[in-house]
Amino acid sequence: MELNRPLIIAGPCSAESEEQLLSTAQALAATGKVDVLRAGVWKPRTKPGTFEGAGVEALPWLAKAREMTGLAVATEVANAKHVEHAQAFDVDVFWIGARTTSNPFSTQEVAEALRGTEKMVFVKNPVNGDIDLWCGAVERLLACGVKNLGLIHRGFSGFGAGSLRNAPMWHLALEMRRRMPELPMICDPSHICGCREYIADISQQAADLDYDGLMIESHINPDEAWSDAKQQLTPETLAALLDSIKWRAGESSSESYKVALMGLREQIDSLDREILQLLSERMNVAEQIGRIKRENDVRILQTARWEDIMKRVLMSSRSLGLSEPFLRTMLDAVHVESIEHQNRVMKEE
Ligand code: PEP
Ligand code: MN
């Protein structure tokens, strides 16, 4: 399959009925903005007792939607049986869901079932922020001769996502792209957001971070959806949202842009040097503290002092224009390094 850039995959979270899937597919195709129709046939639900997908019964609906609209079709596969059934209906694009990527036994089983396929296979990030697991899933597929691979960033749970369902943790996805630069990476803002409100923002951020496309859930009647109702968009809303996203160029040949950018980058490099120099000096002072503590037989960790520093710095969060989570992460890293330096001094004797 030739990949459009940006590649737009859209469709309902789940295939619920033939009528629902076909009407959604037709409305999506009519927008002219969608490349691939997605629909979950088997749904990995966190809790039992919710809709788990129509199963094999939905595969003919998917094939019919393709026939009626000319759109390629995609579905999630989580075990060998799913792959076998989906292949019998010549599904064009597969994706491996976040819960499956989290389990090496499952990814191995799916990889073996897909052995040698020419079809496009997307691997979603695992639910937790373990990039090695994500890489491992890709490596298992590569080892089974699956060549047309892509990545889907759908956010991570357990990081305090705020108003979002899954924290994007953009840096983890970017680290994955650094490790696997040859694989296209698309963003799934629907599962990052968990609600409609922020989907446009997250999509624009993905475009600005040079993602290769988007996978967005769209349903003909979102409020009545049997799964993920809160985050699905009507095909019309999706079309307007896609129109609003700016896929900016990676570079510009404008001379004034180049000169301005070079100047700002020099400033960044010089500020980075200064920050690192100051941190190094801070560690020297910490070592001196370590020495006088050793001479006076005082232990390294003094919790009250650290809490004071934290409180003082967090209070200046607003005036510095730096978020509290950032300040906490940065201070924690500085604290750990400081203790390391003091430990070293303590051991010197
Ligand atoms: C889905 O795409 O509907 C889905 C279940 O996503 P995830 O695996 O990202 O939770
Ligand atoms: Mn979903």
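## Close-up views of the model

**View 1. Contacts of Gln 231 beyond its neighbours within four places in sequence are Arg 165, Ser 190, His 191, Gly 194, Cys 195, Arg 196, Ile 199 and Glu 217.** Contact means heavy atoms within 4.5 Å. This is a predicted model, in which local features need pLDDT of at least 70 and side-chain atom pairs count only at pLDDT 80 or more, while totals for chains, interfaces and linings use all residues. Residues are numbered from 1 along each chain as its sequence is written, chains are lettered from A and ligands numbered from 1 in the order in which they are written, and side-chain values use heavy atoms, with hydrogens and water left out. Gln 231 sits in the loop between β8 and α10; helices (H or I, at least four residues) and strands (E, at least two) are DSSP runs, numbered from the N terminus. With a relative accessible area of 1%, Gln 231 is buried. Buried means under 20% relative accessible area, exposed over 50%, and partly exposed in between, with a 1.4 Å probe and protein chains only. The side chains of Gln 231 and Arg 165 are joined by a polar contact of 2.7 Å. A polar contact is a pair of N or O atoms within 3.5 Å; within protein, one must be able to donate a hydrogen and the other to accept it, and residues adjacent in sequence count only if both atoms are side-chain atoms.

**View 2. Ser 190 is part of helix α8.** Its relative accessible area is 0%, so Ser 190 is buried. Not counting residues up to four places away in sequence, Ser 190 touches Ile 199, Met 215, Ile 216, Glu 217 and Gln 231.

**View 3. Four residues coordinate the manganese ion (ligand 2): Cys 13 (SG), His 191 (NE2), Glu 217 (OE) and Asp 228 (OD), at 2.1 to 2.4 Å.** Donors are N, O and S atoms within 2.8 Å of the metal (3.2 Å for Na, K and Ca); water is not among the atoms, so sites may look incomplete. Along the chain, the donors follow the spacing C-x177-H-x25-E-x10-D. His 191, in helix α8 (residues 189-193), and Asp 228, in the loop between β8 (213-217) and α10 (235-244), are 37 residues apart and link distant parts of the chain. His 191 counts as buried at 8% relative accessibility, and Asp 228 counts as buried at 16%.

**View 4. Ligand 1 is surrounded by residues that include Cys 13, Lys 43, Arg 99, Arg 154, His 191 and Glu 217.** A residue is near a molecule if one of its heavy atoms lies within 4 Å of it. By class, this shell holds 3 nonpolar, 2 polar and 7 charged residues. Oxygen atoms of ligand 1 lie 2.8 Å from a side-chain N or O atom of Lys 43, 2.9 Å from one of Arg 99 and 2.7 Å from a polar side-chain atom of Arg 154. The protein covers 97% of the 290 Å² of accessible area that ligand 1 has on its own.

**View 5. Helix α2 (residues 59-69) has buried residues, among them Leu 59, Trp 61, Leu 62 and Ala 65.** The buried residues of α2 pack against α1 (18-31), β2 (36-38), β3 (72-76) and α3 (80-88). Gly 70, with a positive phi near 80°, follows α2.

**View 6. Asp 297 has a positive phi of about 55° although it is not a glycine.** Asp 297 lies in the loop between α11 (255-295) and α12 (303-315). At 74% relative accessibility, Asp 297 counts as exposed.

Terms used
Accessible areas come from the Shrake-Rupley method with a 1.4 Å probe; for residues, only the protein chains shown count as cover. Ala, Val, Leu, Ile, Met, Phe, Trp, Tyr, Cys and Pro count as nonpolar, Asp, Glu, Lys and Arg as charged, and the others, Gly among them, as polar.
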